[in-house]
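Hi everyone, thanks for coming. Let me put the chain up on the screen, and then we can walk through it together.

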Amino acid sequence: MDKLDSKPLFNIVSGITILCIIVGSQWYLCPDIITRIIFTFHIPVLFIISGYFLEIKSTRQTLLYTFRTLMIPYFITCAVIIAIMAVRIFFTGSGFTESFHELLLWVWAAFYGSGVDYFTPAYIRMIGSLCFLPALFFAVNITHLCLRTRYAVIGIVLTALAGFATSRIFWLPYSIQTAMTGTIFVFCGFMLREKNILARLKEAPFIPAVCFVLSAVYIAKGGGRLFMVNNNYGYGIWDWLAAFCACIFLFYAAMLIEQHCPRLTALGNRIGSHFMLIFCLHLTELNCFPWSSLLICFNEHRITNTYVQSVLFFVIHILLITGGLLIYLLLRRLHPAGHGKNTLTTESGAAPVSKRVEWVDMAKGTCILLMLYAHMPIDSNIRQIIFSFHMPAFMLLSGYFTKNCSWKHFFKSTWKGLLLPYFGIEVLVAFVRVWRQWLYVGISMDTTVSLLRMQAKIALFGMSYSSSVFTDIGSVFVIWFVICLFFARMLFIAILKLSREKEALTCILVAAVTITGWYIGTHVAFLPESFDVSMTAAAFIYAGYLLNKYSVWQYLKRYPLSIVLTGCIWLLQIQKGGIELSIRSYPLFPLSLAGAVCGTVILCLCCQMLSRYTIPTAVLKFFGRNSLAVLGIHCIEAQFIHWEGLLLNADVFMQFLMRMICICATLVLWIAIKTFFQSVILKTAR
């Protein structure tokens with residue numbers, strides 16, 4: 001069967017959809033039956049269309065393409081809304097403090113990306129239906145990831161259920177939960193194309209007829225209140241089914257229009273081909289125009305009939321959108337866009353192949369996930385097992401690749417890999433701290449300067465915990481580990497240079513530095529930059545160095561009894577109290593170090609065996625390669641989101657799931673921004 005020529009058809013569907021979105025935005029004036037008909041399908045069809053055009057490419061290509069087509073319009077529209085609201089606030093004559101606070105609320109709304117207002121635990125202003133752009137971005141990318149596996153249906157169903165369940169507890173940023181439930185619609189759209197179902201509708205018109213009847217019965221029985229904006233599926237699975245049936249009928253109606261109504265086809269094709277522009281303009285005027293004041297004005301002039309008000313509002317919407325289109329065309333004429341090669345979808349934009357050791361990334365991914373889980377209110381015995389090796393493992397794996405290099409090369413690599421991320425995260429922490437103060441407490445320059453001075457001091461000292469000597473310096477939180485790793489590597493390279501890589505002398509120097517760091521941390525004071533821990537961690541760097549130098553893995557695999565002995569040492573260390581670097585807890589110091597090394601060795605062996613399985617390998621590699629970004633996101637969310645209050649009645653599993661969704665969504669957005677900047681902005685600059 002021939003494939004369907006889909007471009008005119010989907011332009012007509014998009015044109016109908018945008019008109020329904022405009023009408024649906026004034027739901028409080030429309031008759032209930034019209035509102036329920038529109039809300040049955042007008043947002044799900046966007047997800048289905050996105051799925052129809054989804055192709056299984058590299059993850060990077062899909063990420064870049066969806067970021068360009070969905071997130072860039074979202075950022076631009078948010079910027080325009082904020083600029084217009086700034087002008088509007090200026091002319092209202094409000095005081096500086098009130099005006100600035102109002103702008104902060106709009107910036108916060110743009111960042112959070114919520115479709116409705118929330119008032120607990122703090123006020124979150126909605127950005128309106130514009131939230132569906134980040135929701136579509138995440139939905140398409142999640143579906144694409146699932147389609148790259150053999151268990152796509154299972155992955156999508158579990159994702160949708162997790163999105164629905166967590167939305168009952170708390171609404172997360174970026175409308176990620178809307179995206180998770182919307183993956184079902186994206187997947188349905190993908191299957192429509194793969195099975196060529198739309199082309200068969202012409203030959204089997206009874207299918208859209210059945211879909212129409214099912215949708216009509218659903219609406220007649222009170223359905224049509226599917227609010228994807230806050231995952232309100234009042235009729236459960238029937239909302240999904242009715243939405244899909246209504247979309248099938250809509251596609252069939254568009255086919256009939258295309259076949260029998262050339263003028264409507266031309267109009268729908270013109271509107272649908274500019275769907276994104278019209279959608280963004282509509283959301284701009286919907287947020288910025290004083291609709292409530294206009295409604296009051298109508299009532300004062302005795303225009304109280306809701307049908308008349310609805311028609312007038314619709315006409316004003318169209319006029320404002322038309323004005324926006326004219327301004328856009330004028331700006332485009334003044335600054336014509338270039339017609340260079342599309343760097344987003346060509347093979348030249350493919351990511352360079354990096355030489356990374358797979359099991360090392362998997363080990364790092366395992367450790368960063370265990371760290372996140374260990375920071376939950378979990379059983380103390382499980383926490384002790386995790387802490388017995390997870391931070392030393394990062395040190396050891398870093399030492400695995402450490403060589404005696406020049407100081408210039410060392411500082412160049414560590415500046416980019418450790419110091420720049422450390423100070424970048426601290427700048428973000430300072431920004432969030434000031435932002436929260438301004439948004440929820442009040443704007444005070446003295447308080448702002450005090451907060452910035454305090455955060456700068458915290459960042460420069462890099463303390464894991466307040467010291468008995470430096471009592472006025474607060475903790476830098478989990479990011480202390482990054483600056484600690486920098487100094488540990490620096491110390492070990494200095495030892496290699498002093499010993500000229502002679503094994504006996506290197507061992508003596510490492511032992512001396514390690515014992516000195518242990519004594520200072522446990523008997524004197526916690527040093528700035530956690531330098532005493534860096535001295536102790538030189539032993540872990542050295543252990544990793546030796547593992548690589550002597551190919552210990554081959555020996556362990558040749559003599560399985562040695563693996564058993566390694567595991568026994570690790571278990572003994574756990575029984576005696578384990579190790580916790582941040583608080584300088586080293587029960588039976590030599591055993592603490594040896595047990596941490598043995599635990600890391602067991603972890604690495606497990607990852608080497610697990611690398612034969614595709615899905616665990618892909619997941620752990622992803623988190624391992626982005627472990628520093630995950631650490632930075634965790635550093636911010638754990639400090640500034642009051643999870644204990646938000647998830648008061650949730651069990652540990654649900655708390656962990658909620659936090660992982662938040663962290664993963666932020667991580668994907670960060671990767672998309674970074675990749676877009678590297679692939680497009682920097683390439684254009686060159």
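This is a predicted model: local features need pLDDT of at least 70, side-chain atom pairs count only at pLDDT 80 or more; totals for chains, interfaces and linings use all residues.

Residues are numbered from 1 along each chain as its sequence is written, and side-chain values use heavy atoms, with hydrogens and water left out.

First, the record. An unreviewed UniProt entry carries the annotation "domain: Acyltransferase" for residues 15-321 and 358-673; positions are in the numbering used here, feature names are shortened, and such annotations may be inferred rather than shown by experiment. The span 358-673 is 78% helix and 0% strand, with its end C-alpha atoms 25 Å apart. Helices here are DSSP runs of H or I with at least four residues, strands are runs of E with at least two, and both are numbered from the N terminus.

Now the inside. A nonpolar core means buried Ala, Val, Leu, Ile, Met, Phe, Trp, Tyr and Cys residues joined through side-chain atoms within 4.5 Å. Buried is under 20% relative accessible area, exposed is over 50%, and partly exposed is in between, with a 1.4 Å probe and protein chains only. Which residues touch the most other members of the largest core? They are Phe47 and Phe251, out of 201 residues. Helix 21 (residues 480-499) gives the most to this core, 15 residues. Apart from it there is another core, of five residues, including Trp291 and Phe313.

Please find Ser14, in helix 1 (residues 6-24). Ser14 counts as buried because its relative accessible area is 12%. Beyond four places in sequence, Ser14 touches Ile49, Gly272 and Phe275, where contact means heavy atoms within 4.5 Å. Gly272 is 258 residues away along the chain, yet the two C-alpha atoms are separated by 4.6 Å. Ile49 is also among the contacts of Phe251.

Finally, helix 7 (152-167). Thr159 lies in this helix and is buried, at 15% relative accessible area. Helix 7 also gives the most to a nonpolar surface patch, five residues. Val619 is partly exposed because its relative accessibility is 38%.
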